[in-house]
Amino acid sequence: MAKKTTKKNAPAKKPAPVKMGKFKVGAKSPTKTETYRAVAEMTGLARKDVVAVFEAMTEITTKTVKKHGAYNYLGLLKMTLVKKPAVKGGKLVKNPFTGEMVKQKPRPASRTVRVRPMKPLKDML
């Protein structure tokens, strides 16, 4: 009888690590589509998944700023809600450029978002 020869079990192959693509900065700021494409390339994810992640982050950011008035975006930016009160018109104010007194225009109350860089972002620049 002949002996059976068996192959030694080779160690299981590890999946190849995802190669991070390089992002080249062009002359202009990248568009939303270019950003999605670059993130998909760098992470190895499908572009569709990247778009879904960004949409989720947008929704989370919006809801948090509306409800709490502030949001810390990944330790890089701090977004705060600034409420500006309504202004009655007719008051005389000094024009800082010409020095003449002009009537102030009425304005309704408004809300806006102020975005400030945090220390990690400042250190990167």
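Q: How much accessible surface does the chain have, and what share of it belongs to carbon and sulfur atoms?
A: A surface total is read together with the atoms that make it up. This is a predicted model. Its accessible surface comes to about 11,600 Å², and 60% of that belongs to carbon and sulfur atoms. Of the 125 residues of the chain, 10% count as buried.

Q: Which elements does the chain have, and in what order do they run?
A: Begin with a count, then follow the chain from the N terminus. Here there are three helices and five strands. The order of the elements is α-α-β-β-β-β-β-α.

Q: At what angle do helix 1 and helix 2 pack?
A: For a pair of helices, look at the angle, the distance between axes, and the residues in contact. Helix 1 covers residues 32-43 and helix 2 covers residues 47-68. They pack at an angle of about 115 degrees, and their axes are 9 Å apart. The crossing of helix 1 past helix 2 is right-handed. On the side of helix 1, the contact is made by T33, T35, Y36, V39 and A40; helix 2 contributes R47, V50, V51 and F54. Sorted by class, this contact has six nonpolar, two polar and one charged residues.

Q: How do strand 1 and strand 2 run, and how many bridges join them?
A: For a strand pair, check direction, then the residues that face each other. Strand 1 (residues 70-73) and strand 2 (residues 77-84) run antiparallel and are joined by four bridges. Y71 stands opposite M79 of strand 2, and N72 stands opposite K78 of strand 2. The two strands form a hairpin with three residues between them. In the turn, L74 has a positive phi of about 55 degrees.

Q: What is the order of the strands in the open sheet?
A: Strand order in a sheet is read across the sheet. This open sheet of three strands has the order 1-2-5, with antiparallel pairing. Strand 1 and strand 5 (110-117) are the edge strands, each pairing on one side only. On average, neighbouring strands are turned by 20 degrees against each other, direction ignored. Helix 2 packs on the sheet and touches strand 1, strand 2 and strand 5. The direction of helix 2 makes about 145 degrees with that of strand 1.

Q: Why does T61 count as buried?
A: A residue is classed by its relative accessible area. T61 has a relative accessible area of 11%, so it counts as buried, the cut-off being under 20%. T61 lies in helix 2. Leaving aside neighbours within four places in sequence, T61 is in contact with Y71, Y73 and M79.

Key
Residues numbered from 1 in each chain as written. Predicted model: local features only at pLDDT ≥ 70, side-chain atom pairs only at ≥ 80, totals over all residues. Heavy atoms only, no water. Axes fitted to C-alpha atoms, helices over the stretch in contact; angles between N-to-C directions. Left-handed = near helix turned anticlockwise from the far one by under 90°. Contact = heavy atoms within 4.5 Å. Nonpolar A, V, L, I, M, F, W, Y, C, P; charged D, E, K, R; others polar. Pairing = 2+ DSSP bridges. Buried < 20%, exposed > 50% of the residue type's maximum accessible area, 1.4 Å probe, protein only. Areas by Shrake-Rupley, 256 points an atom, 1.4 Å probe, with all protein chains shown as cover.
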